[in-house]
Amino acid sequence: MSSVLSCRQVSKSYRDGDHQVEVLQGLDLEIQKQEQVAIVGSSGSGKSTLLHILGTLDKPTSGELHINGTNVFSLNQTKLADFRNTSLGFIYQFHHLLMEFTALENVAIPLLIRGESVEHASEKAKDLLVRVGLGHRLTHRPSEMSGGERQRVSIARAVITSPALVLADEPTGNLDGHSASEVYGLLCEINQEFDTAIIVVTHDLRLAGKLDKCYQLVEGKLGVMG
Ligand SMILES: Nc1ncnc2c1ncn2[C@@H]1O[C@H](COP(=O)(O)OP(=O)(O)OP(=O)(O)O)[C@@H](O)[C@H]1O
Ligand SMILES: [Mg+2]
């Protein structure tokens with residue numbers, strides 16, 4: 001079985017004053033190795049909530065999540081952090097790059113956290129930055145780069161550990177059409193080259209339609225689109 005992610009009967013609710021807001025309601029999702037999946041849905045439908053849970057950054061109210069065969073919510077905090085570092089990569093709309101560090105340092109950080117040498121981490125970070133077309137921006141800080149360039153740094157950072165799964169929340173949300181297409185092209189290349197499964201949350205139906213599968217989040221569950 002080559003399933004990378006298996007999400008079973010996941011529910012998530014938030015308490016809002018005296019009443020409970022049910023965001024996810026018994027949601028199931030299965031993602032195979034190297035599969036590209038888009039998740040669309042109206043604002044407030046719960047896409048980010050779902051992505052946080054799939055990325056193990058938040059716990060569901062109930063339900064189970066297995067990634068690469070590991071029952072992730074059975075791990076303690078330390079093991080879960082290690083698991084995240086080795087198996088998952090994250091790309092956010094607003095990058096979450098560290099502003100005081102250079103592009104090279106930002107990309108190298110996941111490997112340094114793992115305890116790899118500065119030389120090896122820097123070399124790999126440089127290769128990846130060249131790969132995403134930023135060989136001339138290695139020592140620039142995020143404030144010295146454009147939105148599209150920062151997004152490409154985020155992609156390089158997300159894949160430097162060769163994760164089984166990359167999760168992206170509106171990776172092209174603040175980019176113009178041309179940069180958005182470039183970022184998507186890059187995600188697809190990385191998916192092929194590194195055998196990485198990808199989950200992309202987006203509002204852009206045209207881009208979502210280019211991926212292997214597209215799901216719509218409605219009333220706390222996923223339905224196949226198209
Ligand atoms: N920490 C929280 N506490 C209470 N309610 C929350 C919390 N986080 C999210 N919600 C609510 O859960 C619902 C889903 O939010 P979420 O951010 O997942 O939506 P989304 O689909 O990502 O929307 P958008 O497209 O605007 O980014 C919203 O109604 C939101 O108000
Ligand atoms: Mg969101």
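By class, the shell around ligand 1 holds 2 nonpolar, 8 polar and 1 charged residues. This model is predicted. Which residues are around ligand 1? They are Y14, V23, S42, S43, G44, S45, G46, K47, S48, T49 and H203. Helix α1, residues 47–54, gives the largest share of this shell, with 3 residues.

Next come the contacts with oxygen atoms of ligand 1. S43 uses a polar side-chain atom, 2.6 Å from an oxygen atom of the ligand. S45 places a backbone N or O atom 3.3 Å from a ligand oxygen atom. For G46, a backbone N or O atom lies 3.0 Å from an oxygen atom of ligand 1. How much of the ligand does the protein cover? On its own, ligand 1 has 640 Å² of accessible area, and the protein covers 56% of that.

Now turn to the helices. Two packed helices are described by the angle between their axes and the distance between the axes.

| Helix pair | Angle between axes | Axis distance |
|---|---|---|
| α3 and α4 | roughly 125° | within 8 Å |
| α3 and α5 | about 25° | 7 Å |
| α5 and α6 | about 15° | 10 Å |

Take α3 and α4. Helix α3 spans residues 103–113, helix α4 spans residues 118–131, and their axes cross at roughly 125°. Therefore α3 is oblique to α4. Their crossing is right-handed.

Helix α3 also packs with helix α5, residues 147–159, at an angle of about 25°. Is that pair roughly parallel or roughly antiparallel? The angle makes α3 roughly parallel to α5, because angles under 35 degrees count as roughly parallel. Here, too, α3 passes α5 in a right-handed crossing.

Helix α5 has a further partner in helix α6, residues 177–193. The two pack at about 15°, with axes 10 Å apart. That angle makes α5 roughly parallel to α6. What is the handedness of the crossing of α5 and α6? The crossing is right-handed.

Conventions:
Residues numbered from 1 in each chain as written. Chains lettered and ligands numbered in written order. Predicted model: local features only at pLDDT ≥ 70, side-chain atom pairs only at ≥ 80, totals over all residues. Heavy atoms only, no water. Near = heavy atom within 4 Å. Polar contact = N/O pair within 3.5 Å; in protein donor to acceptor, adjacent residues only side chain to side chain. Areas by Shrake-Rupley, 256 points an atom, 1.4 Å probe, with all protein chains shown as cover. Helix = DSSP H or I, 4+ residues; strand = E, 2+ residues; numbered from the N terminus. Nonpolar A, V, L, I, M, F, W, Y, C, P; charged D, E, K, R; others polar. Axes fitted to C-alpha atoms, helices over the stretch in contact; angles between N-to-C directions. Parallel < 35°, antiparallel > 145°, perpendicular 65-115°, else oblique. Left-handed = near helix turned anticlockwise from the far one by under 90°.
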